[in-house]
Amino acid sequence: MIIQTVEIIAGIVLVVLALRDVFDTVVVPGESRGALRVARRLLAIMLPIWKWARRGKSGVSTSFAPAILMGSFLIWMVLLWLGFGLIAHALGDWFVPPADFQEALFIVGSALCTVGLSGIEAHGPARWALVLAGLSGLSVLTMAVTYLLQVQEGISRRDAGILKLTTAAGQPPSALRLLERYADLDSPEEIRRVLYRGRDWCATVLQSHASHPR
């Protein structure tokens, strides 16, 4: 009984920490304040390794940030899997047939992925544990897709502004070259519109990057 209680408490702690970290990272604007900070810790670990693997090449490849995002969601799902696995193992007698730890992980994994492949009957509190596991897995997967689309949209807006700027101001962009180009075209009104649109673009990029700085 004591072992089962410890497993349930440990599982609940893992689940709460993982869901709190997902919420703080994806939903709450600004830097994550959760206890795990999976994305930031993964970044600190992987960045030196990534640079070492690309030795001889300058900068960081464009695939690094998507890899960190996907790695973060994978870690969150594994934490939820282990947390609910501990809970399901503690409630193993409520399954028919009774589930050992390996079977409990399979049942929970099936619920988290919302595929329902276990074929094992759950009774009493085990049913609610599987329902919560399914809701958690569906929520994290939905937020993962939404978050990735939001980040991609922010990057697209930023890159579009950079391309427009380099077209008018040269490469690398120069404020003096921008003014000279529109002066040659005798278009003072157009340069005013460009500066206004540039101000709006800067505000949009600053807001998106400050909201999700990972």
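Modeller: Here's a walk around helix α2, with a few words on the rest of the chain. Keep in mind that this is a predicted model, where local features need pLDDT of at least 70 and side-chain atom pairs count only at pLDDT 80 or more, while totals for chains, interfaces and linings use all residues. Residues are numbered from 1 along each chain as its sequence is written, and side-chain values use heavy atoms, with hydrogens and water left out.

First, the setting. The secondary structure comes to seven helices and two strands, in the order α-α-α-β-α-β-α-α-α along the sequence. Helices here are DSSP runs of H or I with at least four residues, strands are runs of E with at least two, and both are numbered from the N terminus. Of the 214 residues in the chain, 33% are buried; buried means under 20% relative accessible area, exposed means over 50%, and partly exposed is in between, using a 1.4 Å probe and protein chains only.

Now walk into α2 from the loop that links α1 and α2, where Arg37 sits. Arg37 has a phi near 50 degrees, a positive value in a residue other than glycine. Most residues other than glycine have a negative phi. With 31% relative accessibility, Arg37 counts as partly exposed.

Helix α2 itself covers residues 38-53, which is 16 residues.

Which residues of α2 are buried? They are Val38, Ala39 and Leu42, and what covers them includes α1 (2-27) and α3 (64-90).

α2 and α3 pack at about 135 degrees, with their axes 10 Å apart. Those axes are lines fitted to C-alpha atoms, for helices over the stretch in contact, and the angles run from 0 to 180 degrees between N-to-C directions. The pair is therefore oblique, given that under 35 degrees counts as roughly parallel, over 145 as roughly antiparallel, 65 to 115 as roughly perpendicular and the rest as oblique. From α2, the residues that meet α3 are Val38, Ala39, Leu42, Leu43, Met46, Leu47 and Trp50.

α3 has another neighbour, helix α5 (residues 125-169), packed at about 175 degrees with the axes 11 Å apart. That makes α3 roughly antiparallel to α5. Among the residues making this contact are Leu69, Phe73 and Phe84 of α3, and Leu132, Gly137 and Tyr147 of α5.

Further along α5 you'll find Ala168, which counts as buried at 12% relative accessibility. Leaving out residues up to four places away in sequence, Ala168 touches Leu178, Arg181 and Tyr182.

One last stop is the peptide bond from Val96 to Pro97, which is cis, with omega near -5 degrees. Pro97 lies in the loop between β1 (95-96) and α4 (101-112).

Methods. The expected span of a helix is 1.5 Å times one less than its number of residues. Contact means heavy atoms within 4.5 Å.
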